[in-house]
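This briefing is written for a reader who is meeting the structure for the first time. Please look over the sequence and the model before reading the points that follow.

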Amino acid sequence: MIGKKVLLKKIDKFLSKRFGIPTRQNPLPKPIDTLIAAILSQNTNDNNSYRAYKNLKNNFGKWEEIICAKRSQIEKLIQIGGLAKQKSIAIKNLVNTLSERNDINLKFLNELDNSEALNQLTKFEGVGLKTASCVLLFALNRNVCPVDTHVHRTVNRIGIVSEKTPDKTFNSLNNILPDGVAHSLHTNLIRLGREICKQSKPDCLVCPLLKLCKYDAKNFSGSMKVTTKSFMLLDNV
Ligand code: SF4
């Protein structure tokens with residue numbers, strides 16, 4: 001257990017050296033903003049979900065205005081982000097419920113530890129572990145590392161965990177997460193997965209983690225063009 005914590009600190013250090021220490025918003029976004037943006041980010045890319053989020057935010061002065069809006073109007077506004085029907089249902093239900101509780105800004109989360117906060121957030125329709133953990137990291141500054149497809153793939157290839165699904169990876173990874181690394185580690189693992197340790201073929205020759213990675217199917221067939229894909233939706237809500 002101690003060994004993997006040390007390894008994660010090293011990984012965080014090497015990735016920060018390569019990609020930089022990601023900056024954080026100041027002040028942090030409101031939890032409701034992050035939650036809606038995270039719902040919109042499901043199954044699409046950051047650019048399209050950002051456009052969907054901006055369409056929604058610019059159209060409604062306050063999220064409470066969604067209560068009286070037609071669901072079809074919300075669906076139209078977020079069409080660019082895909083899965084618009086189910087996301088519009090989730091967002092409308094979420095805002096309705098929070099408004100009924102008189103807690104649109106999710107203040108109740110401040111009283112809860114990470115595990116209970118995740119438990120409560122995932123009770124909302126359309127909110128899974130990844131979406132809920134993004135609220136904890138990006139809006140509440142908790143030391144929680146959300147696991148998307150890139151984080152899942154990279155930490156399994158490196159050998160930090162050995163899990164079949166992102167949710168199982170989330171639990172295993174967060175059980176051994178050192179203090180204070182969640183934001184930089186999460187952000188830079190995504191960059192690693194997008195730019196170097198790609199799904200189709202990793203480019204191990206240019207990887208900053210080559211010496212400590214345990215992946216037994218490393219690819220050294222020549223350096224592919226490294227693309228820079230640094231835009232992160234949840235750092236820009
Ligand atoms: S060495 Fe290769 S497999 Fe391991 S993390 Fe780097 S790119 Fe991925």
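This is a predicted model: local features need pLDDT of at least 70, side-chain atom pairs count only at pLDDT 80 or more; totals for chains, interfaces and linings use all residues.

With 7 C-beta neighbours inside 10 Å, does N102 count as buried or exposed? N102 counts as exposed, because a residue with 12 or fewer such neighbours falls in that class and N102 has 7 inside 10 Å.

**Overall fold**
- The protein contains ten helices and zero strands, and from the N terminus on its elements therefore read α-α-α-α-α-α-α-α-α-α, under the rule that numbers them in that direction.
- The radius of gyration is 18 Å, which agrees with the value near 18 Å that a compact globule of 237 residues would have.
- Along the principal axes, the C-alpha trace of the protein spans about 55 × 35 × 35 Å.
- Of the 237 residues of the protein, 37% count as buried.
- When contacts between residues at least 6 apart in sequence are considered, 67% of them join residues at least 24 apart.

**Two domains**
- The domain assignment gives domain 1, made up of the segments 2-23, 149-163 and 172-235, and domain 2, which covers 31-139.
- The C-alpha centres of domain 1 and domain 2 lie 28 Å apart, and where the domains meet, seven residues of domain 1 are in contact with eleven residues of domain 2.
- On the side of domain 1 that touches domain 2, the residues divide into five nonpolar and two polar, with no charged residue among them.

**The nonpolar core**
- The largest nonpolar core has 60 residues, and those with the most contacts inside it are A37, I39, Y53, I91, V135 and C145.
- Helix α7, which covers residues 129-139, supplies the largest share of this core, namely seven residues.
- Both domains take part in this core, since at least three of its residues are drawn from each of domain 1 and domain 2.
- Y53, one of the core residues with the most contacts, is in contact with I36, A37, L40 and V237, once its neighbours within four places in sequence are left aside.

**Loops with backbone features**
- In the loop between α1 (2-19) and α2 (31-40) is found P27, and the peptide bond that leads from N26 to P27 is cis, with omega near 0 degrees.
- N43 has its place in the loop between α2 and α3 (46-59), and its phi is near 55 degrees, a positive value in a residue other than glycine.
- N43 counts as exposed because it has 10 C-beta neighbours inside 10 Å.
- N102, the residue of the opening question, lies in the loop between α5 (84-100) and α6 (114-121), and its phi, near 60 degrees, is likewise a positive value in a residue other than glycine.

**Around the ligand**
- The ligand is surrounded by 14 residues, and the closest of them are C197, P202, C204, C207 and C213.
- The residues of this shell divide into ten nonpolar, one polar and three charged.

Definitions and conventions
Residues are numbered from 1 along each chain as its sequence is written. A residue is near a molecule or strand if its C-beta atom, placed from the backbone, lies within 6 Å of it. Ala, Val, Leu, Ile, Met, Phe, Trp, Tyr, Cys and Pro count as nonpolar, Asp, Glu, Lys and Arg as charged, and the others, Gly among them, as polar. Helices (H or I, at least four residues) and strands (E, at least two) are DSSP runs, numbered from the N terminus. The radius of gyration is taken over C-alpha atoms; the globule rule is 2.2 Å times the number of residues to the power 0.38. A residue is buried if 20 or more other C-beta atoms lie within 10 Å of its own, exposed if 12 or fewer, and partly exposed in between; C-beta atoms are placed from the backbone. Two residues are in contact if their C-beta atoms, placed from the backbone, lie within 7 Å. Domain bounds come from an automatic or database domain assignment. A nonpolar core is a set of buried Ala, Val, Leu, Ile, Met, Phe, Trp, Tyr and Cys residues joined through C-beta atoms within 7 Å.
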